[in-house]
Amino acid sequence: MAQMPALLPKEVEMQRLKKILIMVIVMGSVAASVEVDNFVDGSLHQTSIRDSAFTPAHWWLYSHFVALPLGWGAIMIYDRRVPLMRGPNNSVNTGIKMTIIGYLGTMFTIGINEMWHFWFVEEVFAVPNHWSFNMGVVVAFIGALAYVVRLYVRMVELGMETPPSNPYVAEMYKLALEGKLYSRSIP
Amino acid sequence: MAKKEAPKDEIERMIGKRTEHMKGLYIIGAIMAWAATAFGVWVGFTYYAWAYPFSSGMYALSVLTVIIVFGFIFIWKVAHEKPAIP
């Protein structure tokens with residue numbers, strides 16, 4: 001990707017990108033934790049009927065589905081300080097938009113799920129009220145990946161990454177920084 | 001086009017606290033995350049002993065501790081990295 005014109009001093013942009021990446025790492029840790037809880041909650045539901053919504057596995061699961069949209073929302077607010085991370089028409093970055101929409105889906109699914117389980121206590125994994133938990137997470141992960149790639153590309157453009165020690169890869173890295181990486185395949 | 005650099009003190013003001021100087025936040029954040037996790041696990045095996053025996057709680061706490069430590073190491077690395085092209 002070609003070098004983009006600087007809209008704010010390089011040092012300032014680098015510090016802001018680092019702060020965004022640190023927040024993304026925190027969100028990644030929270031997402032990793034909720035993946036573990038999928039197994040914990042799944043194993044509980046295999047062994048016992050759903051006598052209450054307030055089991056430790058549910059506190060763990062549901063608190064994360066509230067924390068994730070709020071956390072990514074905080075990243076979105078801070079993200080406005082880096083003009084090159086903005087989306088089309090000066091709007092919110094498309095990746096972060098997808099992430100927040102996906103996790104908001106899971107957050108609202110908590111309510112839908114509880115309404116369903118008011119009538120049907122049996123925890124069948126494939127029932128429709130569980131679909132939007134999974135669909136929301138998938139949409140959020142796709143968006144987060146797109147956002148992290150954009151973030152990383154900008155960090156590489158600014159020279160924040162250490163060049164690789166492999167000389168062949170280092171050459172590709174140098175070409176990428178000069179905007180010439182694709183000139184081999186697209187003359 | 002000649003690039004006009006902002007004065008140094010203006011840049012410092014725009015940056016605010018540098019990531020390298022936010023060590024306390026990372027350390028206290030990690031400790032609080034671990035303490036909250038341990039508390040949750042304790043509640044689990046104390047009040048839901050029929051579903052979560054002590055050993056299950058310790059297993060969950062170990063996995064979550066690894067996640068917290070990985071996150072902390074990664075944050076520490078990002079915060080203290082020096083740019084390859086300054």
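# Exercises on a two-chain predicted model

The lining of the second largest pocket has nine nonpolar, eight polar and three charged residues. The classes work like this: Ala, Val, Leu, Ile, Met, Phe, Trp, Tyr, Cys and Pro count as nonpolar, Asp, Glu, Lys and Arg as charged, and the others, Gly among them, as polar.

This is a predicted model, where local features need pLDDT of at least 70, side-chain atom pairs count only at pLDDT 80 or more, and totals for chains, interfaces and linings use all residues. Residues are numbered from 1 along each chain as its sequence is written, chains are lettered from A and ligands numbered from 1 in the order in which they are written, and side-chain values use heavy atoms, with hydrogens and water left out.

## Exercise 1: The second largest pocket

Task: Which residues are the closest to the centre of the second largest pocket, and which elements line it?

Solution. 
- Step 1. On a 1 Å grid over the protein atoms alone, a pocket is an open set of points with protein on both sides within 12 Å along at least five of seven lines, while a cavity is a set of points where a 1.4 Å probe fits but cannot get out; lining residues have an atom within 4 Å of a point.
- Step 2. Take the size. The second largest pocket holds about 480 Å³. A volume is the space filled by probe spheres set on the points, and grid points are joined across faces, edges and corners.
- Step 3. Find the centre. Of its 20 lining residues, Asn38(A), Asp41(A), Phe125(A), His130(A) and Asn134(A) are the closest to it.
- Step 4. Name the elements. α1, α2 and α4 of chain A each supply at least two lining residues. The largest share, seven residues, comes from α1(A). Helices (H or I, at least four residues) and strands (E, at least two) are DSSP runs, numbered from the N terminus.

## Exercise 2: The largest pocket

Task: What is the volume of the largest pocket, and which elements line it?

Solution. 
- Step 1. The volume is about 1,400 Å³.
- Step 2. The lining has 47 residues; nearest the centre lie Ser33(A), His64(A), Ala33(B), Thr37(B) and Ile68(B).
- Step 3. Two or more lining residues come from each of α1 and α2 of chain A and α2 (23-47) and α3 of chain B. α1(A) gives the largest share, 13 residues.
- Step 4. Sort by class: 33 are nonpolar, 13 polar and one charged.

## Exercise 3: The cavity

Task: How many cavities of 30 Å³ or more does a search of the whole structure find?

Solution. 
- Step 1. The search finds one.
- Step 2. The largest cavity has a volume of about 30 Å³.
- Step 3. Its lining is Leu44(A), His45(A), Ser48(A), Ile49(A), Arg50(A), Asp51(A), Ser52(A) and Thr55(A).
- Step 4. By class, that gives two nonpolar, four polar and two charged residues.

## Exercise 4: Aromatic pairs in chain B

Task: Trp42(B) and Tyr47(B) form an aromatic pair; what is the angle between the planes?

Solution. 
- Step 1. Rings of Phe, Tyr and Trp (its six-membered ring) pair if their centres lie within 6.5 Å; planes under 30 degrees apart count as stacked, over 60 as edge-to-face and the rest as tilted.
- Step 2. The angle is 90 degrees at 6.1 Å centre to centre, so the pair is edge-to-face.
- Step 3. Trp42(B) is partly exposed at 40%. Tyr47(B) is exposed at 56%.
- Step 4. Compare Tyr48(B) and Trp50(B): their ring centres are 5.8 Å apart and their planes at 50 degrees, so this pair is tilted.
- Step 5. Tyr48(B) is buried at 16%, whereas Trp50(B) is exposed at 52%.

Methods: Buried means under 20% relative accessible area, exposed over 50%, partly exposed in between (1.4 Å probe, protein chains only).
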